[in-house]
Amino acid sequence: MKFTHLKGFEDWWGEDLARREQMIARLREVLDRYGFSWILTPTLERTELFQRSVGEHTDIVEKEMFTFEDRGKRSVTLRPEGTAPVVRAVIEHRLQPPLRLAYVINNFRAEKPQKGRLREFWQIGAEIIGFASPLADVELIQLGVDLLNAARIPDWHLEIHSIGTPEERRAYREVLRSYLLPRKDQLCRDCQRRLETNPLRVLDCKIDSPSLRDAPRLVEHLSPESRAFYDQVKEGLHRAGIPFQENPALVRGLDYYTHTVFEFKTPHLGAQDTLGGGGRYDRLVRHLGGGDWPALGFAFGLERLLLVSQLPPPDPRPPVWVFGVDEADLPTALQTAHKLRTTLTYPVQFYPDPRSLKARMRLANRTQAPAVVLIGTEERRAGQVRIRWMDSGEEQVLTLEAAVEALKRRLRSSREA
Ligand code: AMP
């Protein structure tokens with residue numbers, strides 16, 4: 001039997017992985033500058049956590065979770081998103097607000113895989129807990145913009161909306177349902193079902209339906225306080241010079257959002273056009289058993305950022321090879337490699353077999369080594385090493401200390417070139 005990876009799950013290696021690590025490092029730097037601290041929660045949680053936070057009638061909970069019974073017959077779920085586990089951890093460990101927590105985590109959703117849509121995908125996310133001011137929303141969105149710039153994402157745009165409070169949404173839900181019921185035939189199959197369970201999700205249906213274009217607007221059903229909050233967020237964005245579009249159909253998939261919701265989108269990803277999204281979730285901490293703490297957050301999909309990022313790949317760092325000429329030279333060669341590693345900030349590889357030197361030199365060439373350190377019987381006896389510089393073919397016989405200095409000089413100048 002030949003084993004292959006599961007559909008929607010990915011292997012990463014080589015230059016792609018190096019680009020990915022570089023991207024994560026750059027994004028981490030931005031979050032550090034904003035004063036976030038880091039949190040890591042387990043991959044597996046109790047299923048109820050997501051049912052209660054994300055919501056029973058959301059696509060995620062209804063059909064996308066990897067849920068199974070563990071050996072103790074408990075229902076457990078591979079986390080489909082990062083916010084609920086972070087809030088769970090905050091409450092459980094009595095972390096005190098104000099908090100700014102960031103994470104890089106894997107999530108699992110049993111969606112149909114396609115470009116930019118995986119079953120295991122990674123997110124870099126940020127949560128701010130303890131602030132009710134609309135300026136926190138503006139700051140969070142500004143952070144999103146800074147992350148997109150650090151990731152060199154071209155042509156992104158920002159969409160925002162306010163979905164008010166759960167009470168306002170409940171009232172609007174009825175208005176929307178009464179409007180859509182007589183027009184039910186114009187809706188897609190999924191939306192006909194959503195009309196009963198979660199009519200707001202009908203608004204962001206990807207299939208264009210004439211009845212949706214003139215549907216009553218959610219903003220028109222917000223209280224004056226909610227509208228004022230929304231206006232303050234928009235004003236703050238204007239003042240920060242962050243361009244945005246209002247999208248009345250933006251409701252987001254999760255139940256726990258209140259007021260501001262937003263998404264950063266790109267024209268370069270086809271159907272999966274959202275790079276990241278988030279919003280305010282003032283009721284979630286309370287809802288999961290914590291204090292009455294307003295909160296907000298977002299997450300970006302790493303794989304999607306990588307698909308559109310214009311960051312140049314990091315410089316490759318081919319190794320300096322250390323070869324023992326004959327079998328008897330190998331132990332000294334191993335020691336030499338170790339000494340080089342403690343003094344050079346450059347990768348050093350040891351070749352532990354006495355294979356033909358010609359074949360090993362071919363390997364050094366193929367791996368683009370800048371230099372090879374050779375140890376033969378003569379060098380060993382004299383306490384020296386032979387360096388071959390691969391670009392010129394020139395050789396030098398030196399003490400190990402002198403060799404280290406020569407390597408440092410040459411490697412530095414080759415990197416500066
Ligand atoms: P969401 O929690 O659905 O708002 O997702 C936030 C971000 O995570 C999205 O904007 C995507 O960038 C990313 N994302 C969500 N689902 C997937 C998926 N199935 N595959 C890859 N990335 C995803």
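Predicted model: local features only at pLDDT ≥ 70, side-chain atom pairs only at ≥ 80, totals over all residues.
Figure 1. The accessible surface of the chain comes to about 21,200 Å². Carbon and sulfur atoms account for 50% of that surface. Of the 417 residues in the chain, 52% are buried.

**Figure 2. Secondary structure and overall dimensions of the chain.** The chain holds 16 helices and 16 strands. Its radius of gyration is 28 Å, well over the 22 Å from the globule rule for 417 residues, so the chain is more spread out than a compact globule. Taken along the principal axes, the C-alpha atoms fill a box of roughly 90 × 55 × 45 Å. When contacts between residues at least 6 apart in sequence are considered, 69% join residues at least 24 apart.

**Figure 3. Residues around the ligand.** The ligand is surrounded by 14 residues. Arg-109, Glu-111, Leu-118, Arg-252 and Leu-275 are the closest. By class, the shell consists of four nonpolar, five polar and five charged residues.

Figure 4. An N or O atom in the side chain of Arg-109 is 2.8 Å from an oxygen atom of the ligand. The side chain of Glu-111 has an N or O atom 2.7 Å from a nitrogen atom of the ligand. Two or more residues of the shell come from each of β6 (120–129), β10 (274–280) and β11 (295–301). With three residues, β10 gives the most.

Technical notes. Residues numbered from 1 in each chain as written. Heavy atoms only, no water. Near = heavy atom within 4 Å. Polar contact = N/O pair within 3.5 Å; in protein donor to acceptor, adjacent residues only side chain to side chain. Helix = DSSP H or I, 4+ residues; strand = E, 2+ residues; numbered from the N terminus. Nonpolar A, V, L, I, M, F, W, Y, C, P; charged D, E, K, R; others polar. Rg over C-alpha atoms; globule rule 2.2 N^0.38 Å. Buried < 20%, exposed > 50% of the residue type's maximum accessible area, 1.4 Å probe, protein only. Contact = heavy atoms within 4.5 Å. Areas by Shrake-Rupley, 256 points an atom, 1.4 Å probe, with all protein chains shown as cover.
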